Amino acid sequence: MNLDCLRIQGGKPLYGRITISGAKNSALALIVGAALGEEPVVLENIPDNTDVHVIFDLLREVGVTVQSLDKGKWSVDGSTLNSSKASYELARKLRASFYLAGLLLAKRHEAVVPLPGGCFLGPRPVDFHLKGFQAFGAEVAIEHGCMIGKITKPQGTRFFINRSSMGTTVNLLYLAVLTPGTTILENAAKEPEIVDLAVMLNCMGAKIRGAGTDVIRVQGVKSLHGTDYSIIPDRIEAGTYMAGAVITGGSITVENVILTHLKPIIAKLKEAGAYIEEVDNGLFVAGPEIIRSLDVKTLPYPGFPTDMQSQMMALLTLAHGTSIITENVFENRLQLGAELKRMGGKIKVDGRTAVIQGVEKLYGASVKALDLRSGAALVLAAMAAV
Ligand code: EPU
């Protein structure tokens, strides 16, 4: 199948059952975190996607031993880490490549890591990461598009992250667990993926408390050992399939989900008129006859996730009435509005706000996925289009 181009024949309700994969963003943080150890870490429920394979390649490039053991089961052994330099060729492919900065500073006390690439969602700077590294005593500079960092005497620190940031929290956790003394991260991200990382690191011998709240306390340890760990299911993948049932007026059961992680998504889909019921190991979701309009604001967890905003925009193009979306995390994500308009959506975007006037039908058209989630949203819209 040519994945650069999908041809979708819409107009049929989505029915069935689906087992949700391991969380992409958890996998990326945990795979790199596993390399902090001095023994193999066996990770289960790792999804099979391009980002995961790029992160494996980045780790192999710095000497980490990565092996596939079984479907979704990988071993990551950080004891063979022997280089402090990541290549531009790989780093430019994804944002999470910058996790190597924290890994390398923590384990080798030096890092040369290109500024990251990834989906273009806006400027996506790394200033919080750099300030955080400096708080631990690192000297960092940006030269020729690379972060060059060195840390001679790492020391635990108290650091306030300017704005709740997933990536910054991940990178600073890597550094904190192997840095002598106590580190306190304030205004830390509270995403389930952060909790997953902290739980895995604690299984490896780290001393982390408070993950899931905005204050994380870490007592540094000398080294980390191996463990077996299974990562959490992907709340965004689950939410996307659920939105698929709602937008097409079908019904599906999503299996292997954690209900708590889905609460903000469930709340909005119910407000749109969906019927959602907890069943054995999952959720049953049925779409309404008429989708109701609503307002949604993206916020860090436990707010409504920006990674579900595009899918919600697609859904609301078919709602009865006017909806307003406020995108507080990645404003560029509202550019999807222009693509949905090609399909007949009535959307006005102004800065961080999109006003969506529901229409009765969407029509087939050639459209372009601007990033991962807008691609998913366009698939949803196409499934509902006539
Ligand atoms: N920010 C800064 N400076 C920084 C870091 C972040 O200004 O140094 C800003 C960002 O520009 C953004 C906000 O802070 O406006 C939050 O960014 P965050 O650091 O939380 O995002 P991230 O770590 O780059 C991760 C996910 C994204 C997800 C966001 C928000 C990974 C690999 N990526 O990105 O996932 O949207 O958190 O939850 O975990 C996706 O899966 O499609 C995706 C883009």
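At a relative accessibility of 26%, N45 counts as partly exposed, since the value falls between the 20% limit for buried and the 50% limit for exposed. In this predicted model, N45 occupies the loop between β2 (40–44) and α2. The residue is not a glycine, yet its phi is positive, at about 70°. Most residues other than glycine have a negative phi, and most peptide bonds are trans.

H144 is a further residue other than glycine with a positive phi, in this case near 50°. The loop that holds H144 runs between β6 (139–143) and β7. H144 is exposed, its relative accessible area being 83%. A cis peptide bond is found between Y301 and P302, with omega of about 10°. P302 belongs to the loop between β16 (295–297) and α10.

Helix α4 is mostly covered, with nine of its 10 residues buried. The buried residues of α4 are Y99, L100, A101, G102, L103, L104, L105, A106 and K107. The elements that cover them include the helices α1 (24–34), α2 (50–61), α5 (127–135) and α6, together with the strands β5 (110–114) and β7 (146–150). Just after α4, H109 adopts a positive phi of about 60°.

Helix α1, one of the elements that cover α4, is itself largely enclosed by the rest of the structure, because 10 of its 11 residues are buried. In α1 the buried positions are K24, S26, A27, L28, A29, L30, I31, V32, G33 and A34.

## Packing of α4 against α6

Helix α4 (residues 99–108) and helix α6 (residues 166–177) have axes that come within 8 Å and cross at roughly 15°. The two helices are therefore roughly parallel to each other, as the angle is under 35 degrees. Their crossing is right-handed.

On the α4 side, the contact is made by Y99, A101, G102, L103, L105 and A106; on the α6 side, by M166, G167, V170, N171, Y174 and L175. Sorted by class, this contact comprises nine nonpolar, three polar and no charged residues. The α4 residues Y99, A101, G102, L103, L105 and A106 are also among the buried positions of that helix.

## Packing of α8 against α9

Helix α8 (residues 235–248) packs against helix α9 (residues 259–271) at an angle of about 15°, and their axes are 10 Å apart. This pair is therefore roughly parallel, again because the angle is under 35 degrees. The crossing of α8 past α9 is right-handed.

From α8, the residues R235, A238, G239, M242, A243 and V246 meet H261, L262, I265, I266 and L269 of α9. By class, the contact of α8 with α9 contains eight nonpolar, two polar and one charged residues.

S310 is located in helix α10 (residues 309–316). Its relative accessibility is 0%, so S310 counts as buried. When residues up to four places away in sequence are not counted, S310 touches R333, L336, R373, S374 and A377.

V359 is found in the loop between β19 (353–357) and α12 (372–384). With a relative accessibility of 15%, V359 counts as buried, because that value is under the 20% limit. Apart from neighbours within four places in sequence, V359 is in contact with T317, L318, A319, G344, G345 and K346. From C-alpha to C-alpha, V359 and L59 are 48 Å apart in space, and 300 residues separate them in sequence.

## Cysteines

A disulfide is a covalent bond between the sulfur atoms of two cysteines. A search of the whole structure for such bonds finds zero. C5 is exposed, with a relative accessible area of 54%, whereas C146 is buried, with a relative accessible area of 17%.

Methods:
Residues numbered from 1 in each chain as written. Predicted model: local features only at pLDDT ≥ 70, side-chain atom pairs only at ≥ 80, totals over all residues. Heavy atoms only, no water. Axes fitted to C-alpha atoms, helices over the stretch in contact; angles between N-to-C directions. Helix = DSSP H or I, 4+ residues; strand = E, 2+ residues; numbered from the N terminus. Parallel < 35°, antiparallel > 145°, perpendicular 65-115°, else oblique. Left-handed = near helix turned anticlockwise from the far one by under 90°. Contact = heavy atoms within 4.5 Å. Nonpolar A, V, L, I, M, F, W, Y, C, P; charged D, E, K, R; others polar. Disulfide = S-S within 2.5 Å. Buried < 20%, exposed > 50% of the residue type's maximum accessible area, 1.4 Å probe, protein only.
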